[in-house]
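Dear colleague,

Please find below the structure that I am handing over to you. My findings follow directly after it.

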Amino acid sequence: MGAVDFGREPDVAWDFAGAAGPAPRGAAIIGYRDVGGTGLDLRVAGAAAITAVIGFGDRELIVDDAVGRRSLGGFVAGLPIEAMRVRSERAECIEVRLSPIQAYSLLGVSPTDLGRGVVALEDLWGLRARRLREQPASTRTWDERFALTKSFLAQCDRPMRTPDPEVLDGWHRILSSRGQVKIGELAESLGWSHKRLWARFESQIGLTPKRAAMLVRFRHAVDGLLAGRPAADVAIACGYTDQAHLCRDVSMFADHTPGALTAHYLPDIARHRYRAWGRFFQDRTGPVG
């Protein structure tokens, strides 16, 4: 099965595609190329997935994050990531979203080791990261690029290390409830103490269960805000106590008010990247998890 061609966006010269067919466990892949020279400028907030961005060849990405400003050929962002900005004069990238429950087996590090800033691909995979970037640059089609990426991830996969079944169940219940599960009730249903759930969840997922639930709820709130729904309606639908509660979480994860978030996240490439992921998941069973 070939790549899912999202085509050229009518008002921005970007080429988008999604990887069809089987991918390594818990992974979803899209690609995008700046074919009009408009430049990449993304403001990125936390997501309920671990994200790897792979730049082609010698293309560099300028990343402003909790660590500072760096020029990177690619990077991985974990669940604890703080709001950041990613820029490039002419980007060509493959973006991979990984469930945190498969992150260790695919990345070779615990999610807790990823921290609040991004980690350079070379710091994770050494010289193999250079080859991973060089190979897609020499190809002509998204099918070839996605095949190379899938092959690389499959070679990295070490499924021996997996979270506890209780942690896995807890993560899936946080996802299915859209972050509106009560953590005390979750611990009780799993047969664990609050302290044990807190410690195991943080060490194996990368966040405490409460923070993970807040992040998942925030991402659903972002979907509503970017769809143009009033903040007050989004707050009610997503289980916030009031609009002020929603504003606090948006500020915490995105460093913006809800109004400023839509202004920053909707222009140009940000809007089309968001749409590309939305269209990609329409043909899948659900979010990465």
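I begin with Thr149, which is buried, its relative accessible area being 2%. Please bear in mind throughout that this is a predicted model. Thr149 belongs to helix 4, which spans residues 142-156. Apart from its neighbours within four places in sequence, Thr149 is in contact with Ile29, Ile54, Ile94 and Val96.

Strand 2 is another enclosed element. This strand covers residues 14-18, and because 5 of its 5 residues are buried, it is largely enclosed by the rest of the structure. In a regular strand, side chains alternate between the two faces of the sheet. In strand 2, Trp14, Phe16 and Gly18 point one way, while Asp15 and Ala17 point the other way, and all are buried. Strand 2 pairs with strand 3 (residues 27-34) in the antiparallel sense, over 5 bridges. Within that pairing, Phe16 has Tyr32 of strand 3 as its bridge partner.

I turn next to charged side chains. Those of opposite charge can pair when their charged atoms come close. The count for this model comes to 16 salt bridges. Three of these pairs are described here.

In one of them, Glu60 forms a salt bridge with Arg133, and the closest N and O atoms are 3.8 Å apart. This pair links distant parts of the chain, since Glu60 sits in the loop between strand 5 (50-55) and strand 6 (61-65), whereas Arg133 lies in helix 3 (residues 127-137), 73 residues apart.

A second pair is formed by Asp64 and Arg69, whose closest N and O atoms are 2.6 Å apart. Arg69 counts as exposed because its relative accessible area is 60%, and the cut-off for that class is over 50%.

Elsewhere, salt bridges that share partners join Asp15, Arg33, Arg59 and Glu92 into one network.

With regard to cysteines, a search of the whole structure finds 0 disulfides. Cys93 is buried, at 2% relative accessibility. Cys238 is likewise buried, with a relative accessible area of 8%.

Finally, I looked at how one pair of helices is arranged. Two packed helices are described by the angle between their axes and the distance between the axes. How do helix 7 and helix 8 cross? The axes of helix 7 (residues 194-205) and helix 8 (residues 209-226) come within 8 Å and cross at roughly 60 degrees. The two helices are therefore oblique to each other. Leu197, Trp198 and Phe201 of helix 7 make the contact with Pro209, Lys210 and Ala212 of helix 8.

With kind regards

How values were computed: Residues numbered from 1 in each chain as written. Predicted model: local features only at pLDDT ≥ 70, side-chain atom pairs only at ≥ 80, totals over all residues. Heavy atoms only, no water. Disulfide = S-S within 2.5 Å. Buried < 20%, exposed > 50% of the residue type's maximum accessible area, 1.4 Å probe, protein only. Helix = DSSP H or I, 4+ residues; strand = E, 2+ residues; numbered from the N terminus. Pairing = 2+ DSSP bridges. Salt bridge = Lys/Arg side-chain N within 4 Å of Asp/Glu carboxyl O. Contact = heavy atoms within 4.5 Å. Axes fitted to C-alpha atoms, helices over the stretch in contact; angles between N-to-C directions. Parallel < 35°, antiparallel > 145°, perpendicular 65-115°, else oblique.
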